[in-house]
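Me: I have a model open and want to learn how to read its features. Can you walk me through them one by one?

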Amino acid sequence: MNTESMTLYCTVYEEGNIAHAAEVLFLSHQAVSKRIKAIEAELGTTLFERSVKGLAPTKAGQDAYRTFKSMLASYDKLHMRLRDSKSERPVIHLGVEFYNIDIVDLDSILAFEAGSADRTRVNVKYLTNMECYRQLLSKRIDLAITNRPFTNLGKFEFISLNKSRAFFAVSAKNPLADKEVLEPADFEGQTFFSIIDAENTNHFIIDRFAELGVQVLVEEVAYDMGSLSSMISSDRGFHVLPEAYTAPLAAHPGIVIRVLPGFKDVFEIGIVRSKNRELRPSVDDLVDFVVSGGSLLKGIQPGVREGAGFVAPPRREGCVATRR
């Protein structure tokens, strides 16, 4: 029995419903159900009684929950103690949803590290959207800067930095590239490149097109900026992405970036952390730093929306933020 299986079991127990637990865990209903059956087989007992109303834990299921919660709490304390003991300086493990390695502004990270009283170091990991949430659950990272998921946030707290318009990248050869006024109907029959391991975002985009009465074809592709750029520029399909992440594709001479009609402000970028967390002061300091204007992402200036405009808050002394 590993910690991931125990975490999955406890989530199902607390949600009382496999479908809800699957949303929280960013897994499919089938995957969660299969894992629960495997846990029951490993322990040799029934942990849940199934009914149309959901799941009801058996006596053994209740005992397993208490035991797993205690074991996970002990493991988390040990993991954090051992992780931090590897360095004389406190370390914050930050996950960043990646489209390009240059999206993190190293200057602002250096500004935070230089200004921290306890000489905190920031360790950055580049992850997919779903992997950010999975690693937060397993406590392999302390925080993540990523897009708000199009599903139940579950055990996570989302601190919005700003909303980002939806753009699409398409070949300069495609009629969509130079049509003066675009309508959602213009995408009928076009191929949408759906990134593997970003299922929630993909489903939202596909469903949104359907709501607008537009049927798009879907082709799943692995995340690789070089391959994605090549497929788009050769007019095999289009890709949808937040405004803040358009720079790498916009740099390609055969690709055109345009606002996606009918998808205004569907992307929201922010900081994600666990609701049930035992964060060190340095982690909260980093959150305050970003929210108050010390953006760690190029092209994203934290702030609050007022009407149709965007107003950035006063910047903290020593913060470094860049615009592109």
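Me: Which residues is Leu143 in contact with, leaving aside its neighbours within four places in sequence?
Reply: Contact means heavy atoms within 4.5 Å. By that rule Leu143 touches Ile92, His93, Leu94, Gly95, Leu136, Ile271, Val272, Arg273, Val283, Leu286 and Val287. Keep in mind that this is a predicted model, where local features need pLDDT of at least 70, side-chain atom pairs count only at pLDDT 80 or more, and totals for chains, interfaces and linings use all residues. Residues are numbered from 1 along each chain as its sequence is written, and side-chain values use heavy atoms, with hydrogens and water left out.

Me: What is a nonpolar core, and which residues have the most contacts inside the largest one?
Reply: A nonpolar core is a set of buried Ala, Val, Leu, Ile, Met, Phe, Trp, Tyr and Cys residues joined through side-chain atoms within 4.5 Å. Buried means under 20% relative accessible area, exposed means over 50%, and partly exposed lies in between (1.4 Å probe, protein chains only). The largest core here has 33 residues, and Leu143, Ile271, Leu286 and Leu296 have the most contacts inside it. At least two residues each come from β3 (91-97), α5 (106-115), β5 (143-147), β6 (156-164), β8 (191-195), α8 (225-233), β12 and α10 (281-291). The largest share, five residues, is from α10. Another core lies apart from this one; its 31 residues include Phe68, Tyr133, Leu137 and Phe156.

Me: How are helices and strands assigned?
Reply: They are DSSP runs, numbered from the N terminus: helices are H or I with at least four residues, strands are E with at least two. The protein has ten helices and 14 strands.

Me: Which residues of α10 are buried?
Reply: Ser282, Val283, Leu286, Val287, Phe289 and Val290 are. The buried residues of α10 fall within 160°, so they line one face of the helix. Their packing partners are β3, α5, β5, β6 and β12. Just after α10, Gly293 has a positive phi of about 125°.

Me: What span does α3 reach, and what is expected?
Reply: The expected span is 1.5 Å times one less than the number of residues. Helix α3 (residues 29-43) has 15 residues and reaches 22 Å from its first C-alpha to its last, close to the 21 Å expected. Its buried residues are Val32, Ser33, Ile36, Ile39 and Glu40. They sit on the same side of α3, because they cover an arc of only 120° around the axis. Gln30, Lys34, Lys37 and Ala41 are exposed on the other side. The buried set packs against α1 (3-15), α2 (18-25) and β1 (48-51). Gly44 follows α3 with a positive phi near 70°.

Me: Is Tyr9 buried or exposed?
Reply: Tyr9 is buried, with a relative accessible area of 0%. It is found in helix α1. Beyond its neighbours within four places in sequence, Tyr9 contacts Ile36, Ile39, Leu47, Phe48, Gly61, Gln62, Ala64, Tyr65 and Phe68. Tyr9 and Lys69 are 60 residues apart in sequence, yet 9.7 Å apart in space, C-alpha to C-alpha.

Me: How much of α6 is covered?
Reply: Helix α6 (residues 129-137) is mostly covered, with eight of its nine residues buried. Among them are Met130, Cys132, Tyr133 and Leu136. Lys139 follows α6 and has a positive phi near 65°.

Me: Where is Arg273, and what does its side chain join?
Reply: Arg273 is in strand β12 (residues 267-274). It is buried at 10% relative accessible area. A polar contact is a pair of N or O atoms within 3.5 Å; within protein, one must be able to donate a hydrogen and the other to accept it, and residues adjacent in sequence count only if both atoms are side-chain atoms. Such a contact, of 3.0 Å, joins the side chains of Arg273 and Asp284.

Me: What is the phi of Asp235?
Reply: Phi is near 65°, a positive value in a residue other than glycine. Asp235 lies in the loop between α8 and β10 (239-242). It is partly exposed, at 32% relative accessible area.

Me: What percentage of the residues in the protein is buried?
Reply: Buried residues make up 49% of the 324. Among contacts between residues at least 6 apart in sequence, 72% join residues at least 24 apart.

How values were computed
Arc of directions from axis to C-beta.
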